[in-house]
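Take a look at the chain below. A short report on its fold, its cores and its charged pairs follows.

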Amino acid sequence: MYRRYLPTLTLKKQQLQTEIRAIEAKARAVRKAKERLESGFDTWIAVFSEKDAFPEGIITVTNIRKGRGNIAGVDIPVFEGADFSRSDYDLYSTPLWVDIAADHMEKAIMLDLEAEVLDEQVRLLEAEYRATSQRVNLFEKVKIPETEDNIKKISVYMSDQQVSAVVRSKISKRKIALRNDEAPETEVYSL
């Protein structure tokens, strides 16, 4: 039973490892995209050289949409998007580029949120990977050898019992044969 279950666990372990690597690569790509967005934003915003022109708290996240996914039996969150709201600001006293900057900030926040969800996926999958690795090691190094040892002991015991049964039956046959030889013959009379 352990040998039949072990390949399934090993396959699950490999699948988890592959998925973890893929999600980590995706998280790195999302963070790189955010860095590119921010570096482009920094050079673009430097042209205007207006400090404190961007109103504080102009963008707020109203809802983070997450779905549920399943990888190798592990329920994970899946990032589906986010909803933002913008506070009101004076269109006359605020520079024209604030709307474009707010769009860029929404994209950067969206990338941050996606990276956080990817990190959560990796955390959940790594926890399952550790548990699966422990089970694989338990089966390979403890349970299978222990069971094989027990099977050997049972086989030896059964073999000993079988030899003992054969010896007992031979002794019984001899005793029966000796009794038959010692018993006086009785004559049978017929009428």
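Where does A72 lie? A72 sits in the loop between β1 (59-71) and β2 (74-86). Strands here are DSSP runs of E with at least two residues, and helices are runs of H or I with at least four, numbered from the N terminus.

This is a predicted model, in which local features need pLDDT of at least 70, side-chain atom pairs count only at pLDDT 80 or more, and totals for chains, interfaces and linings use all residues. Residues are numbered from 1 along each chain as its sequence is written, and side-chain values use heavy atoms, with hydrogens and water left out.

**Fold.** The chain has two helices and two strands. Along the sequence they follow the pattern α-β-β-α. The strands β1 and β2 run antiparallel and are joined by 12 bridges; pairing requires at least two bridges found by DSSP. R68 stands opposite P77 in β2. The two strands form a hairpin with two residues between them. In that turn, A72 has a positive phi of about 55 degrees, although A72 is not a glycine. A72 is buried, with a relative accessible area of 19%. Buried means under 20% relative accessible area, exposed over 50%, and partly exposed in between (1.4 Å probe, protein chains only).

**Cores.** A nonpolar core is a set of buried Ala, Val, Leu, Ile, Met, Phe, Trp, Tyr and Cys residues joined through side-chain atoms within 4.5 Å. The largest has 16 residues, and I23, I71 and L125 have the most contacts inside it. The elements α1 (2-46), β2 and α2 (98-182) each give two or more residues to this core. Another core, of 12 residues, lies apart from it and includes F84 and W97. Beyond neighbours within four places in sequence, L125 is in contact (heavy atoms within 4.5 Å) with residues including L16, I20 and V74.

**Salt bridges.** The structure holds 10 salt bridges. Each is a side-chain nitrogen of Lys or Arg within 4 Å of a carboxyl oxygen of Asp or Glu. Three of them are listed here.

| Pair | N to O distance |
|---|---|
| E128 and K12 | 2.8 Å |
| E38 and K34 | 2.8 Å |
| K153 and D149 | 3.7 Å |

E128 lies in helix α2 and K12 in helix α1, so this pair ties together parts that are 116 residues apart in sequence. E38 and K34 are four residues apart in helix α1, about one helical turn. K34 is buried at 17%, whereas E38 is partly exposed at 32%. K153 and D149 both lie in helix α2, four residues apart. K153 is exposed at 54%, and D149 is partly exposed at 38%.
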